Structures are given as C-alpha cells and as structure tokens.
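Hi everyone, thanks for making time this morning. I'd like to walk you through a structure, one region after another, so do have a look at it as we go.

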Amino acid sequence: MLEARIPSGRIEQKWDNCRYEMKLVNPANRRKHSIIVVGAGLAGAAAAATLGQQGYHVHCFSYHDTPRRAHSIAAQGGINSAKNYRNDGDSVMRLFKDTVKGGDFRAREANVYRLAEISGNIIDQCVAQGVPFAREYGGLLDNRSFGGVQVERTFYARGQTGQQLLLGAYQALEEQIATGRVKMHFRSELLDVVIVNGRARGIVTRDLVTGQLHCHAADVVVLATGGYSNVFYLSTNAKASNCTAIWRAHRRGALFGNPCFTQIHPTCIPLSSDHQSKLTLMSESLRNDGRVWVPKKKRENRAAKDIPENERDYYLESRYPSFGNLVPRDVASRNAKEVCDEGRGVGPHGQGVYLDFADAIHRLGLETVREKYGNLFDIYQRITGEDAYKVPMRIYPAPHYTMGGLWVDYHLMSTIPGLFVGGEANFSDHGANRLGASALMQGLADGYFVLPATVPDYLASTKLDPVNTSDRAFIATKAEVKDRINNLLAINGNRSPDSFHRELGKIVWDNCGMARSDSGLRNALARIPELREEFWRNLRVLGAGEELNQSLEKANRISDFLELAELMCTDALDRTESCGGHFRLESQTADGEAKRDDANFAYTAAWEWKGTDQAHAIHKEPLAFEYVPLSQRSYK
Ligand SMILES: Cc1cc2nc3c(=O)[nH]c(=O)nc-3n(C[C@H](O)[C@H](O)[C@H](O)COP(=O)(O)OP(=O)(O)OC[C@H]3O[C@@H](n4cnc5c(N)ncnc54)[C@H](O)[C@@H]3O)c2cc1C
C-alpha cells in the first residue's frame, strides 16, 4: 500500500533524476488546470505563488483574513542552509547527515538529502525577493548556530525570520493575485476533502463570516495547513492552529505518519497560571550565547545573583561537552525536565531553568547582545516583567512543533491520489526530532521547489475527467459537513469547547508529552474516548451555524483533536522504543538517553482510518540508511 516512489540513482542524483523523468505541462495548457492550495503560510503561499507564476489557475484558501497572519509569521530564530559562507566545514552532505542524525534515524534519507540540496536555492530565492537577512558589517549575509550542529548555517532576520520570509512569500503571492492567476479565499475554513473516483478533486469550506458552506472543484488539492501542537491546548503555536484539514483528509483515506512524533521546545517562558491559554517561545538562537543552569542545591530559594558560581550546575555544558548548550531540542528538553523533577527547578512553581546572558554581555557587550536578540528580550520583559539583561531568563519546555502529519511519498503526494501535502502538515523530513531552523527550510523547499515540480507531473501524467460541484460526491460531502455542524449545535449541554480542550490537552501532555510509558499511555487511551463521549453529549456551543461563530469553530476543531489525540497515544504505545522526541521511559540507555530499537522500529508508522470508534490499522514504510549509517546519537 505504501509506495514512497524514491527515485533511482545515488543520493546526490535522485532529485535531478526525478526532475528529468517527471512530465511537464506545456505553458499554453497550464491555464486549463486548476489547483486548490489550502494554507497561505510559508509552504502554502510559496506553492500558490510559484504555481500561479507557472501559469496555473490557483485558488488559495486560508481561515485567516490575510496570508500575513499565518502562524509562520511567529518563527523567530532562523532558517538553515548549507551555503557554507562561514567556511567552517559545512556542505550539503553535512546538513543531510546532521538532519538524519538529529531526527534519530526515523526520516527518509532521499527526502532529507533533497532538502539539504535545495536549501541553498531557498536563500537565493529569498534574497532576490528582498528578504532582509541579517548581514555582517561588510555586507555579507550573517550566520549563527542552532542546536545539534557544529557549524554556523542559520540565516536570520533578528528574531523575526518567519515574518520576513512570509512577507517575501506574500509579496510573490500578491503579484500573482494581481495577475489574476491566484484567487485568494480568505476566512474560508476547509472542513472536508472531496474524493471523486478515488482522486482528490475538491474541498468543502465554511465561510467564517457568514457561516455558509461552499464547494470548490479542481484538478488537484494541496494542503499546507500547518501543525497540530495545539492538541496539547497549551503550546507555542498560534491559538487558531489546528488539525482539521489533515484530520478530515485522513478520515477520507490519507494515511497519517508518525502521529506521536511531536517536539517539545526547551526554551519557552514557563507557565505562570492555570488560566493561561498560550505559551511563548524564546528562540533557540538564544542558546548561542545564553548559558543554561540550575542551582546545585534542591529547593534553592536564593535569587540567581546570590548563588555563587561553584553552587551552579551548568548541566548541559558538563553532560554534553561537545555540544554544550547547543544540544538538540529533545535532549535539552528532557534534561530540563529531569533537573526540575529532582527539585532543582527555579521560579514560582519550580518548573524552570535559567538561561543566563551575564557572560555573553561581559564578553560581547550589551549593545551586541541587544542587536542580536533585542526583540526577544523585549517579549520576555513584557510577559514576565523581568529584565533579562540584568537577571537570567527562566525557561521551560513547551509543545512547539509536530514532526508527524499526513504520510507523503517523495513527490509529497498523500495516499489519496491528487492530494499533496507540504510544510508542517506532512510527516516531513525531520524524523523523530526536528533540528532548529529546519522547519522554515522544509516549508519553503516544499512550496517554492518540490510541489511546483511534482504537482505538474501529476497533472501531465493523469487523465482527469471534468468535474464540477454539482457532482454527487460534492453534494454528499457537503451534506455530511452540514450534519456534523448541526450535531454540534444541537447538543446544548453544559461545558464550553475550551473546557474540553483544556482537559484533553492535560491528558496528552501528562501521558504523551516529554516522557511516555506503557501505563500512562494506556491510561490516556482509556480517558480520551470517555472525554470524547462526554463532548458529544455535554458540549455547549453558543450561537448559530450561519453566522460568525467562534465557539462553533473551536468545537469543530476540538472534535478533531479528540480523535487525533487517541491516535497519537496509540502510535506512542505501539512504538516501544525511545527515539528523538518520543521518549519511552522503559527504553533508556544506562545514562538516561533515548534508546532506539532499530531491529524492530526502523520504519515510519502510517495509520489508516477505519471508521468512527474503530481501531486504526498500521502500515509500515521501512527506512534504510545507506548513506548515514545507523548509530547511537551522542552529543557528548
Ligand atoms: C513560536 C514559533 C517559532 C518558530 N521559529 C522557527 C524558526 O526560527 N525556524 C524554523 O525553521 N521554524 C520555526 N518554527 C516552526 C515554523 O514556524 C513552522 O513549522 C512553519 O512556519 C509552518 O509553516 P506552514 O506553512 O507549514 O504552516 P502555517 O504557517 O501554520 O500556515 C498554515 C496555513 O494554513 C491555513 N489553514 C490551516 N487550516 C486550515 C483550514 N482547515 N482551512 C483553511 N485554511 C487553513 C492557515 O490559515 C494558514 O494560512 C517556529 C514555530 C513557532 C511556534
């Protein structure tokens, strides 16, 4: 069932071979094809703009009121590329190797190599668009380091890299909108994918302002709808980010890859109250100059400045001397949890570690530190009221990114023919743990370079019958969407959508978060169906269907999180090994590191929806490591 369509040839030649073998659509014929792109974040905006530029009719959908509000705008730290401007030993091969190793050998080698290969083109593309990357005094593009690597390959625009990249993609999209080749559909939320004769041929959307449902037909559908970290309720993602698009596609037949692979980011502002609904990231770039430490003594109550050097534990530097504060995220997060669990955490709830800039300020000067990270220090001050130039920041891990997503082949096509998936929405190239600054790279590789090559190949090599929205499949799918909305409105119970979401998030965080165990996962798998049952019995959605109704929007999205959360725990239970962000307590090395089981788990788990209240079926894509031999990850 799983055909990854990995091209032949040596790894360096696969993408070239693939591009050479793919079919093209004659420029005069392109305008005859219509393409739906759902999502206008980095992946979606890049894909829609590029396909529009090629001459296709593109319809781009977003539940936001402008592409500039996509969650991508929040990305802070940077984007990787193997340009080797630093001449510090970087290369495509090294970026490839770092990413395979960083993902704990659970990604597909061919895809990762392509990502590394394309990374150089992305920077050229963005510079040509005018993206204002940071530059050195002499005018050359500047680079910094991110976790899990020993070179400086991260391009950045202060702490606003996502914003600047998105403005570049948005500009390209606007140009195509002006030519009429791309039509934007704002405040339109995809609620289902329409399958005609086994192929994705359209979508059903809800107009978030009027509440009306609409059908849209096309030759091909691309989903670039972002990640699902908000399943945890508290995460660093934008509040609106959700799983509905990919989950509804999953229910229509698209297999879901590695749902339990989620990333808990080590440097976030700790939770300060039970009423909080959002967590804030402090970019990983801060670990370039900030030093992580906790007091050696348990339940220390002195202020940081009163704790002398010899009573501080710079635990990352001592445990991982080669990588120090720049170990990968999974390793940094687990270590922070461990020292806090020991009772050495700092801050009001003991759930925090220090990220200290005193040495950096002493070494580089206050102005240099301000230039590099000024806006991050400002964010920190606004949220905590503390001045991190004077006292160390307090940080704690928080849900941040999802490596899992819809399973796609090398062409980024899901198991539904004609349904392509890009950016964070697919199960991506990051295996069990994503390295910092690699999500922007992947989203833009997919959007600017991969999808604009593979989608045309699909169009050129597939005989597509004409379809329109009066087709039976559209009418039936729209009716199902309407029924689901009416059911949500009719429950009329006592609990708000948010209260269910909060409870679900806690179950998933406690049992399928930074550490997972057999008993915890079984506990979650018992509680989630109970909560789902109560949701459909006791939910209260205020307002009506045919109007602007945010309570209904939330309820709809939470109904999908309630199903996805169960699949995440099922996947996590099934994978009895530890790997990357998936840390099974039963599977540790003697010194507490993640212990993989390559003999039994060197595969991607791709889960098939079998129907409501039916168990999912697992399919396995075996992973072969020809170019980066399997080895135990070590950052010591
Ligand atoms: C705080 C933060 C900082 C980060 N910093 C970095 C960094 O420095 N470097 C890095 O590499 N990565 C970073 N990341 C990760 C990175 O930002 C994301 O992985 C990436 O931006 C995702 O882009 P995307 O295009 O796939 O999705 P998104 O940007 O989430 O866009 C999704 C789009 O889909 C639309 N959409 C979703 N569902 C529907 C639906 N049902 N119907 C209609 N439209 C829909 C939305 O409106 C939106 O336009 C960061 C993440 C966070 C949370």
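Let's start with a pair of strands: strand 12, residues 291–295, and strand 14, residues 353–356, run antiparallel and are joined over three bridges. Within that pairing, Trp293 sits opposite Tyr354 of strand 14. Before I go further, please keep in mind that this is a predicted model.

Next, helix 3. This helix covers residues 42–54, 13 residues in total, and spans 18 Å from its first C-alpha to its last, close to the 18 Å expected at 1.5 Å a residue. Is helix 3 largely enclosed or left open by the rest of the structure? Eleven of its 13 residues are buried, so helix 3 is largely enclosed. Among the buried ones are Leu42, Gly44, Thr50 and Leu51, along with a run of alanines from Ala45 to Ala49. The cover over these buried residues includes strand 1, strand 2 (57–61), helix 6 (161–179), strand 5 (182–185) and helix 12 (439–461). Just after the helix comes Gly55, with a positive phi of about 115°.

His33 has 18% relative accessibility, and because the cut-off for buried is under 20%, it counts as buried. What does His33 touch, leaving out residues up to four places away in sequence? Its contacts are Val25, Tyr56, His57, Asp219 and Leu459.

Last stop, the second largest pocket, which holds about 730 Å³ of space. It is lined by 33 residues, and those closest to its centre are Leu234, Leu271, Lys506, Trp509 and Asp510. Helix 9 (329–344), strand 15 (393–402) and helix 14 (497–512) are the elements that each give two or more residues to the lining. Which of them gives the most? That is helix 14, with six residues. By class, the lining has 16 nonpolar, ten polar and seven charged residues.

Methods:
Residues are numbered from 1 along each chain as its sequence is written. This is a predicted model: local features need pLDDT of at least 70, side-chain atom pairs count only at pLDDT 80 or more; totals for chains, interfaces and linings use all residues. Side-chain values use heavy atoms; hydrogens and water are left out. On a 1 Å grid over the protein atoms alone, a cavity is a set of points where a 1.4 Å probe fits but cannot get out, and a pocket is an open set with protein on both sides within 12 Å along at least five of seven lines; lining residues have an atom within 4 Å of a point. Grid points are joined across faces, edges and corners, and a volume is the space filled by probe spheres set on the points. Helices (H or I, at least four residues) and strands (E, at least two) are DSSP runs, numbered from the N terminus. Ala, Val, Leu, Ile, Met, Phe, Trp, Tyr, Cys and Pro count as nonpolar, Asp, Glu, Lys and Arg as charged, and the others, Gly among them, as polar. Buried means under 20% relative accessible area, exposed over 50%, partly exposed in between (1.4 Å probe, protein chains only). Contact means heavy atoms within 4.5 Å. Two strands pair if DSSP finds at least two bridges between them. The expected span of a helix is 1.5 Å times one less than its number of residues.
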